Amino acid sequence: KNDPVVMGIETSCDETGVGIVRGHELLADAIASSVDEHARFGGVVPEVASRAHLEAMVPTVQRALDDAGLTLGDLDGIAVTAGPGLAGALMVGVGAAKAYSIATGVPLYGVNHLSAHIAVDTLENGPIPEPAIGLLVSGGHSTIMMVEDLAGKVVQLGASIDDAAGEAFDKVARLLGLPFPGGPYIDRAAKEGDRAFVEFPRGLSAAKDQEKHRYDFSFSGLKTAVARWIEARRADGEDVPVNDVAAAFQEAVCDVLTRKAILAAKEHGVETILLGGGVAANSRLRGLAAERAEKAGLTLRYPRPKLCTDNGAMVAALGSHLVAAGVAPSRIDFPANSSMD
Ligand code: KG4
Ligand code: ZN
């Protein structure tokens, strides 16, 4: 087959990811993570992440090529996350991708991290029907995207005005004494808990927020509410029921995320909703989204959890889509852009 073979490089946060795809086929997905180095700080430390990317970059590229049984000369394109993300971390990936491209003559594509989170779904479920609504929820972002054209027009309809959903998961996990990153631990604990145990606040759901913040999210009030609840409980000398608090917190997050994503789809006459980003690995988010999408007559798609969190395959998937769509490569001097939208 003549499907483009593309290598994707991802270094926007704490994962050094290098993926290789042929068309929609995943050939390699190599990842080196510095997550353990950040755990004791309770969050990603940018300088630590940049250094880790620098050390991991070349070996991870080599591992991906070995896994795919290819050499650099076999590539039709190199794609790299140009932004958004941590500036110093992005620069490592962008610098490396430029070096590989210049050395080999393989065309280079600087791509958007959020669009890549959407594109990765093609590796699992094939071409994305356009338009589609993307609900992208990770440690850095909680956005509702309108995917008019994955190769060119992906527009943000709404976003978190404070903490990202994943950030809220990580902070609440910390309050509950769970390890970092807390999302997966909350997910697990919540399975044994009662999601109706407490009704935590649903941010930006009030009638007064329906105009200006229709598709926006807010999670810092929720985090504070959970913190207060735990404090009050401890002040009374009582134990904190970790599983129940995890379940009730998770329910509040998943409720607003799915409700607003479905609202966006309905109001824009869009039939497909796609989940992406690390929090899209959450079992309750998947379950509730499936339930509500079915009720609304919408198609829901999401990739397997491993492809939801940051990885190189998602960047390769978007790169391959751009090559196939005949999009021109990026100029070699394109910058890493930490606030790219
Ligand atoms: O997409 P990602 O790997 O990196 C960013 O771009 O931020 O997302 C990481 C975030 C973390 O906050 C982590 O706690 C969260 O995704 N996460 C989850 C789950 N798995 C990862 N949150 C809830 N439930 C999960 N199962
Ligand atoms: Zn991400």
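Reader: What stands opposite Gly 134 in β9?
Author: Leu 274 does. Strands here are DSSP runs of E of at least two residues, and helices are runs of H or I of at least four, numbered from the N terminus. This is a predicted model, where local features need pLDDT of at least 70, side-chain atom pairs count only at pLDDT 80 or more, and totals for chains, interfaces and linings use all residues. Residues are numbered from 1 along each chain as its sequence is written, and chains are lettered from A and ligands numbered from 1 in the order in which they are written.

Reader: In which sense do β6 and β9 pair?
Author: Parallel, over four bridges, with β6 at residues 132–137 and β9 at 272–276. Pairing requires at least two DSSP bridges between two strands.

Reader: And what is the strand order in the sheet?
Author: β8-β7-β6-β9-β10, an open sheet of five strands with mixed pairing. β8 (153–159) and β10 (299–301) are the edge strands, each pairing on one side only.

Reader: Which helix packs on the sheet?
Author: Helix α9, residues 242–267, which touches β6, β7, β8 and β9. Contact means C-beta atoms, placed from the backbone, within 7 Å. The direction of α9 makes about 160° with that of β6; axes are lines fitted to C-alpha atoms, for helices over the stretch in contact, and angles run from 0 to 180 degrees between N-to-C directions.

Reader: Changing topic: how many helices and strands in the protein?
Author: Twelve helices and ten strands.

Reader: What does the C-alpha trace span?
Author: About 65 × 45 × 30 Å along its principal axes.

Conventions
Contact = placed C-beta atoms within 7 Å.
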